[in-house]
Amino acid sequence: MRAVTQDAFGGPEVLRTADLPRPEPLPTEVLVRVVSAGINPVDVKTREGGGMAGVLGGPPFVLGWDVSGVVEEVGFGVHTLRPGDEVYGMPWFPRRAGAYAEYVTAPSRQFALKPRSVSHDEAAAVPLAALTAWQALVDAAGIRPGQRVLVHAAAGGVGHFAVQFAKHLGAHVIGTARAGKHEWLRGLGADELVDYTSVRFEEAVEDVDVVVDLVGDEHEATGTRSLDVLAPGGLLVAVPSGVSPDLARRAQERGLRVSAFLVEPDGRALARIAELVDDGRVRIGVEEVFPLERAGEAHKRLAEGRTRGKLVLRVG
């Protein structure tokens, strides 16, 4: 099968197309023919030696966790899917999934039926980003109607889903993004928007119940500064950089809560998200689709940090 692999950590130039053996499904697994694969910031970090490199170990390996495709074979014990089903998922995260390839195998319950109303390119943009937003808001924060939610990097892959999910859950949604993306975000349901390039968000926002930080303290201390906008007892969900001892201490001293976060495979949540997509309540932002052979170019684009929504690889 065709795949994009790497033999060393480094820049986008380490990604190369190769022919690799096709995997075979074990009991309870399915073999999925990949049509499209989503690209995420964790892919870029892992390629460089950060991200999930500590879990994957050293190269060679095939990157990627977002998959949309068609079930080719099912292993013994699989009852929820059958050959020909169009599925999407985030298999194995944070272990090796190998989505930048023509075939992947994974437990059947890490997949769900693809939203019927969208293409494989659009569906491949969903799993990791949407599950991150869903689990951060629903499982970690337990969002309730009427709460005020601030989403940092609201126009990004995770952010544009977080805006829509928070709105669906009945929250008042505030987002940080460049001014040129505000109109698009209003169309997704954002109630207030802050152009972080022209004003410090802590000067424009207050009394927030939950902050979903998709930027991290390594970028202008976004996590620490977010404590200034939280209401008493408010929660900061720190996605990319976790919670440092200093951040935890500062929050405790002010009567605030902080939570580190890492997304998990969740076929049941993906099934619910597919319903929201098919009902028209959630839209998928895909900025560009690249052929598999241009994975390095796609990584360069994503690393610039200006993408609206997601980038996708067309595999099959």
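Two strands are counted as paired when DSSP finds at least two bridges between them. The legends below describe close-up views of a predicted model.

**View A. Strands β2, β1 and β4 form an open sheet with antiparallel pairing.** The order of the 3 strands is β2-β1-β4. Strands β2 (15-19) and β4 lie at the edges with a single partner strand each, so one side of each has no neighbour in the sheet. Strand β1 (residues 2-6) is joined to β4 by 2 bridges, and these two strands run antiparallel. Which residue of β4 is the bridge partner of Gln6? The partner of Gln6 is Phe61.

**View B. Strand β10 is paired with β9 and with β11.** Strand β10 (residues 172-176) is mostly covered, since 4 of its 5 residues are buried. Strand β9 (residues 148-151) runs parallel to β10 and is joined to it by 4 bridges. Within this pairing, Val149 has Val173 of β10 as its bridge partner. Between β9 and β10 the chain passes through helix α5 (residues 157-168), giving a right-handed β-α-β crossover. On pairing with strand β11 (residues 192-194), β10 again runs parallel, here with 3 bridges. Thr176 is found opposite Val194 of β11. The path from β10 to β11 leads through helix α6 (residues 182-188), and this β-α-β crossover is right-handed. In a regular strand, side chains alternate between the two faces of the sheet.

**View C. Strands β15 and β16 belong to a right-handed β-α-β unit.** The helix of this unit is α11 (residues 295-303). Strand β15 (residues 286-291) and strand β16 (residues 310-314) run parallel and are joined by 5 bridges. One of the bridge partners is Lys310 in β16, which stands with Val286.

**View D. Phe165 and Leu185 touch the most other members of the largest nonpolar core.** This core holds 91 residues. Helix α4 (residues 127-140) supplies the largest share of the core, 8 residues. Another core lies apart from the largest one and contains 14 residues, including Leu150, Val194, Val229 and Leu256. In soluble globular proteins, nonpolar side chains tend to be buried together.

**View E. Leu185 is located in helix α6.** Is Leu185 buried or exposed? Its relative accessible area is 0%, and Leu185 is therefore buried, the limit being under 20%. With neighbours within four places in sequence set aside, Leu185 is in contact with Ala154, Ala155, Val163, Ala177, Ala190 and Leu193. Gly146 is 39 residues from Leu185 in sequence, and the C-alpha atoms of the two are 19 Å apart in space.

**View F. Trp134, Phe161 and Phe165 form one aromatic cluster.** The ring centres of Phe161 and Phe165 are 6.0 Å apart with their planes at 20°, so this pair is stacked. Planes under 30 degrees apart count as stacked. Phe161 and Phe165 are 4 residues apart in helix α5, so about one helical turn separates them. Phe161 has 0% relative accessibility and counts as buried. Phe165 is likewise buried, with a relative accessible area of 0%. Beyond residues up to four places away in sequence, Phe165 touches Ala130, Ala133, Trp134, Leu137, Ile273, Leu276 and Val282.

**View G. Trp65 and Phe93 form an edge-to-face aromatic pair.** A pair of aromatic rings is described by the distance of the centres and the angle of the planes. For Trp65 and Phe93, the centres are 5.1 Å apart and the angle between the planes is 80°. Why does this pair tie together parts that are 28 residues apart in sequence? Trp65 lies in the loop between β4 (61-62) and β5 (66-74), whereas Phe93 lies in the loop between β6 (86-89) and β7 (103-107), so the pair links these two parts. Trp65, at 1% relative accessibility, counts as buried. Phe93, at 7% relative accessibility, also counts as buried. The count of aromatic pairs in the model comes to 4.

**View H. The charged end of Arg22 sits over the ring of Tyr103.** The distance from this charged end to the centre of the Tyr103 ring is 5.1 Å.

Conventions. Residues numbered from 1 in each chain as written. Predicted model: local features only at pLDDT ≥ 70, side-chain atom pairs only at ≥ 80, totals over all residues. Heavy atoms only, no water. Core = buried A, V, L, I, M, F, W, Y, C linked by side-chain atoms within 4.5 Å. Buried < 20%, exposed > 50% of the residue type's maximum accessible area, 1.4 Å probe, protein only. Contact = heavy atoms within 4.5 Å. Right-handed = clockwise from strand over helix to strand, strands pointing away. Phe/Tyr/Trp six-rings, centres within 6.5 Å; stacked < 30°, edge-to-face > 60°. Lys NZ or Arg CZ within 6 Å of the ring centre and 35° of its normal.
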